[in-house]
Amino acid sequence: MWKLPSFLARTLTSGTSGLPLLPDMAEGHLPIHVNNVRSRLRDIVGASTNWRDHVQAMQERKALHTLLAKRQEDLPPRRMKDSYLEVILPLGSQPQIREKYLNVYNSVRFGRILEDLDSLGVLICYTHTKQEKQPRSPLSIVTALVDKINLRKKVVHPDCDIKFTGNVSWVGKTSMEVKMHMLQFKGTIVSCLSQLHDGDYCPVLDATFVMVARDPENKRPAFVNPLIPESPEEEEIFKQGEMNKLKRIDFSTASLLKMAPTAEERNIVHDIFLNTLDTRTVSFRSRVLPPNSVWMEDAKLKGLQICHPQERNIFNRIFGGFLMRKAFELGWATACSCGGSRPFIVSVDDIMFQRPVEVGSLLLLSGQVCYTEKNYIQVRVHSEVYDADTREHHTTNIFHFTFISENEVPRVVPKTYGESMLYLDGKRHFAATMKEI
């Protein structure tokens with residue numbers, strides 16, 4: 001068990017400058033070591049650490065159906081600070097765990113951070129729904145959506161400890177929005193220890209996840225405790241959660257898979273078509289690539305993962321954080337091959353978990369550069385599972401990543417109508433990201 005000096009523990013539970021941490025939110029909360037997050041989740045649901053016991057463990061959870069609430073009104077309301085948690089990733093003070101988080105540039109791997117955020121988001125929701133008299137939770141809480149992750153730093157150095165904080169910020173009937181923040185202490189670990197009493201650490205990223213609660217067998221929705229804002233600040237945060245829900249509905253309604261492009265977008269596509277016509281011929285089929293450009297069909301990479309039991313979550317399906325890490329790494333490689341230099345992640349948005357991935361699945365990943373502008377690269381990663389018995393493919397996730405490259409990148413040019421729709425979709429996501437950051 002990792003122990004902090006008493007002065008360090010007190011400092012870690014103080015407010016965070018520059019972040020929307022509410023007064024007294026952290027009062028009385030001691031930080032959790034990052035390695036204990038997954039073990040706490042296993043204890044909460046009664047999951048087995050042995051793969052061979054997973055069937056029996058899931059059978060035992062069926063008996064928890066009687067503990068589910070029939071109505072949301074039957075559950076006691078919670079406050080935002082009731083679900084507040086702090087988690088420490090001691091990269092500076094415990095160098096032995098650092099290598100797992102290192103990339104070849106001697107900075108922190110963002111894919112590993114995605115895994116930690118996913119686990120923390122689930123634990124926060126279980127903290128919100130905890131019933132004192134129930135040793136095990138009857139709820140199966142899973143990630144439904146990564147609404148947004150905005151980064152404040154291009155590079156996260158591995159020589160100083162990292163702190164994650166988060167709490168439930170909005171609640172529906174069966175869903176919960178979770179806001180999380182990642183901070184890093186400034187300087188080396190020696191200077192970190194001397195500066196902690198001054199609160200001298202800086203924000204790294206802000207994340208918004210949406211979790212859903214289901215029954216013990218993860219088959220049907222289940223009610224969760226309502227959330228009661230206690231101050232004008234909390235009222236504003238709760239209202240923002242409701243607005244986020246409406247924005248997602250509007251964005252989905254206007255999807256290019258459902259609606260035709262706008263008049264402005266149709267003009268953009270037609271201009272691209274005209275700029276790529278071969279002026280030496282009078283043909284719709286003869287196309288010429290403009291200078292400093294790349295055809296969209298040449299700006300993609302693919303990958304395959306065999307989903308082993310090691311990557312399972314507490315419900316014996318593939319861990320959502322693992323899927324995000326693999327998608328991000330393919331997206332990074334796609335951006336790197338297109339831009340020709342090291343890309344840095346700027347934002348992650350609109351990751352929909354459409355279908356669970358079973359252990360043993362063949363996971364097919366396809367990374368595509370959809371849109372570029374100056375040094376920015378918008379990448380879409382599509383993941384699907386392949387069933388060898390039925391020979392069917394099923395989409396599981398769509399990931400959207402915004403990168404910034406060290407150098408200006410070639411303009412990506414669509415050739416077909418389908419690629420043009422990908423281009424416009426990427427442009428929409430890029431515009432939304434730029435507006436927010």
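A: R109 and E329 form a salt bridge, with their closest N and O atoms 2.8 Å apart. A salt bridge here is a side-chain nitrogen of Lys or Arg within 4 Å of a carboxyl oxygen of Asp or Glu. This pair links distant parts of the chain. R109 sits in the loop between β2 (85-89) and α4, and E329 sits in helix α8 (residues 320-339), 220 residues apart. Helices (H or I, at least four residues) and strands (E, at least two) are DSSP runs, numbered from the N terminus. E329 is partly exposed because its relative accessibility is 28%. The cut-offs are under 20% relative accessible area for buried, over 50% for exposed, and in between for partly exposed (1.4 Å probe, protein chains only).

Before going on, note that this is a predicted model: local features need pLDDT of at least 70, side-chain atom pairs count only at pLDDT 80 or more, and totals for chains, interfaces and linings use all residues. Residues are numbered from 1 along each chain as its sequence is written, and side-chain values use heavy atoms, with hydrogens and water left out.

R109 and E329 also belong to a network of salt bridges, together with R112, E115, R325 and K326. In total, the structure holds 20 salt bridges.

Look next at R152 and D206. Their salt bridge has its closest N and O atoms 2.8 Å apart. Again, distant parts of the chain are linked. R152 is in the loop between β3 (140-151) and β4 (162-171). D206 is in strand β6 (residues 201-214), and the two residues are 54 apart. R152 has 43% relative accessibility, so it counts as partly exposed.

R71 and D74 make another salt bridge through their side chains, at 2.8 Å from N to O. R71 is partly exposed, with a relative accessible area of 46%. D74 is partly exposed too, at 44%.

Now back to α4, this time with a helix partner. The axes of α2 (residues 35-45) and α4 (residues 110-128) come within 10 Å and cross at roughly 40 degrees. Axes are lines fitted to C-alpha atoms, for helices over the stretch in contact, and angles run from 0 to 180 degrees between N-to-C directions. At that angle, α2 is oblique to α4. Angles under 35 degrees count as roughly parallel, over 145 as roughly antiparallel, 65 to 115 as roughly perpendicular, and the rest as oblique. The crossing is left-handed: the near helix is turned anticlockwise from the far one by less than a right angle.

Which residues of α2 and α4 make the contact? From α2 come V37, R38, R40, L41, I44 and V45. From α4 come S119, L120, V122, L123 and Y126. Contact means heavy atoms within 4.5 Å. By class, this contact has eight nonpolar, one polar and two charged residues. Ala, Val, Leu, Ile, Met, Phe, Trp, Tyr, Cys and Pro count as nonpolar, Asp, Glu, Lys and Arg as charged, and the others, Gly among them, as polar.

Finally, check two backbone angles. N106 has a positive phi of about 60 degrees, although it is not a glycine. N106 lies in the loop between β2 and α4. N106 is partly exposed, at 48%. N218 also has a positive phi of about 60 degrees without being a glycine. N218 lies in the loop between β6 and α6 (232-253). N218 counts as buried, at 15% relative accessibility.
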